[in-house]
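Please walk through this structure with me, helix by helix and strand by strand. Which parts face inward, and which face out?

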Amino acid sequence: MSEHKISATGREAAGKGASRRLRRAASIPAILYGGDAAPQSIQLEHEKTWLASQNEWFYSSILDMELDGKVQKVLLRDMQRHPYKQIIMHLDFQRVDENQALRVKVPLHFLNQDKSPAGKTAGVLILHELNEIEVSCLPKNLPEFVEIDLSALAIGEIVHLSEIKLPAGVEIPELKLGKEHDVAVVIAKHGKEEVEEAAAPEAAEVPAAKVAKKEEK
């Protein structure tokens with residue numbers, strides 16, 4: 001579990017009007033909930049938080065939040081962005097209990113794809129069907145990301161969810177729901193397969209068009 005720090009301060013005013021005033025003052029309204037304490041309204045400096053949000057770890061790591069002089073571990077649970085401006089509108093953080101398992105989506109990092117047999121073959125497409133997975137673990141075991149080594153990936157192979165090597169103490173809850181949930185994560189296939197699939201409907205339409213012309217005569 002990596003350590004990343006953010007700063008926040010408590011706020012008393014609530015409601016849409018108070019949130020608008022905060023945004024005009026370059027702050028982000030937020031809520032902190034979970035654990036044994038009551039939900040607390042907080043605020044964060046927009047510029048620093050925006051810079052932090054450009055990093056992958058901001059979304060999947062345990063964060064050390066310094067709040068009014070005290071540090072507590074939290075996890076980002078929701079972010080609301082402005083539709084077209086580079087503005088964070090609201091954030092939800094959850095307090096972390098080191099003794100309770102978390103379910104968190106973590107990003108996938110694909111390694112050695114270009115070195116694989118499939119990656120070295122011209123005309124082969126390597127498709128990433130998933131870019132993140134949901135894992136369950138205690139906070140101390142939460143990985144910032146999960147790596148998938150594709151160095152042995154061959155043409156026609158599929159890497160399934162169950163084949164991902166996870167760190168100790170980490171599991172994928174979805175795999176407990178049945179074999180149908182063991183979905184494809186990576187697929188290596190010839191590029192011409194997609195071309196042939198796309199061309200097939202058009203080929204089927206040609207005879208039909210000829211028939212229509214004969215009927216008109």
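What follows is a short tour of helices, strands and a few single residues.

This is a predicted model. Start with helix H1, residues 16–24. Its buried residues are Ala18, Ser19 and Leu22. Seen down the axis of H1, these buried residues fall within an arc of 100°, so they line one face of the helix. The general rule behind such a pattern is simple: an α-helix has 3.6 residues a turn, so residues three or four places apart point the same way. The cover over the buried residues of H1 includes E2 and E3. Turned away from that buried side is a face that carries the exposed residues Lys16 and Arg24.

Lys16 counts as exposed because its relative accessibility is 69%, and the cut-off for exposed is over 50%. Lys16 and Pro29 are 13 residues apart in sequence, yet their C-alpha atoms are 9.8 Å apart in space. Just after H1 comes Ala26, which takes a positive phi of about 65°.

Now step back to the loop between strand E1 (4–10) and helix H1, where Arg11 is found. How far from Arg11 is the nearest side chain of opposite charge? That side chain belongs to Asp92, and it is 8.1 Å away. Arg11 is buried and has no salt bridge. Its side chain does reach the backbone oxygen of Ala30, at 3.2 Å. Leaving aside residues up to four places away in sequence, Arg11 touches Leu22, Pro29, Ala30, Ser41, Ile42, Gln43 and His90.

Helix H2 spans residues 46–53. Which of its residues are buried? They are His46, Thr49, Trp50, Ala52 and Ser53. Viewed down the axis of H2, the buried residues fall within an arc of 160°, so they too line one face of the helix. They pack against strand E2 (27–33), strand E3 (40–45), helix H3 (57–60), strand E5 (70–81) and strand E6 (88–95). The face of H2 turned away from the buried side carries Glu47, Lys48 and Leu51, which are exposed.

Asp68 is not a glycine, but it has a positive phi of about 50°. Its relative accessible area is 51%, so Asp68 is exposed.

Next come the strands around E7. Strand E7 (residues 102–111) pairs with strand E9 (residues 132–137) in the antiparallel sense, over six bridges. Within this pairing, Val106 stands opposite Ile133 in E9. E7 also pairs with strand E10 (residues 146–149), here in the parallel sense and over four bridges. There, His109 stands opposite Glu147 in E10.

In the loop between E7 and strand E8 (124–128) sits Asn112. Asn112 has a phi near 60°, a positive value in a residue other than glycine. Is Asn112 buried, exposed or partly exposed? Asn112 counts as partly exposed, at 30% relative accessibility.

Finish in strand E9, where Ser136 lies. Ser136 has a relative accessible area of 14% and is therefore buried, since the cut-off is under 20%. Not counting residues up to four places away in sequence, Ser136 touches Ala101, Leu102, Arg103, Gly169, Val170, Glu171 and Pro173.

Technical notes. Residues are numbered from 1 along each chain as its sequence is written. This is a predicted model: local features need pLDDT of at least 70, side-chain atom pairs count only at pLDDT 80 or more; totals for chains, interfaces and linings use all residues. Side-chain values use heavy atoms; hydrogens and water are left out. Buried means under 20% relative accessible area, exposed over 50%, partly exposed in between (1.4 Å probe, protein chains only). Helices (H or I, at least four residues) and strands (E, at least two) are DSSP runs, numbered from the N terminus. The arc is that of the directions from the helix axis to the C-beta atoms. Contact means heavy atoms within 4.5 Å. Two strands pair if DSSP finds at least two bridges between them. Lys and Arg count as positive and Asp and Glu as negative; His and the chain ends are not counted. A salt bridge is a side-chain nitrogen of Lys or Arg within 4 Å of a carboxyl oxygen of Asp or Glu. A polar contact is a pair of N or O atoms within 3.5 Å; within protein, one must be able to donate a hydrogen and the other to accept it, and residues adjacent in sequence count only if both atoms are side-chain atoms.
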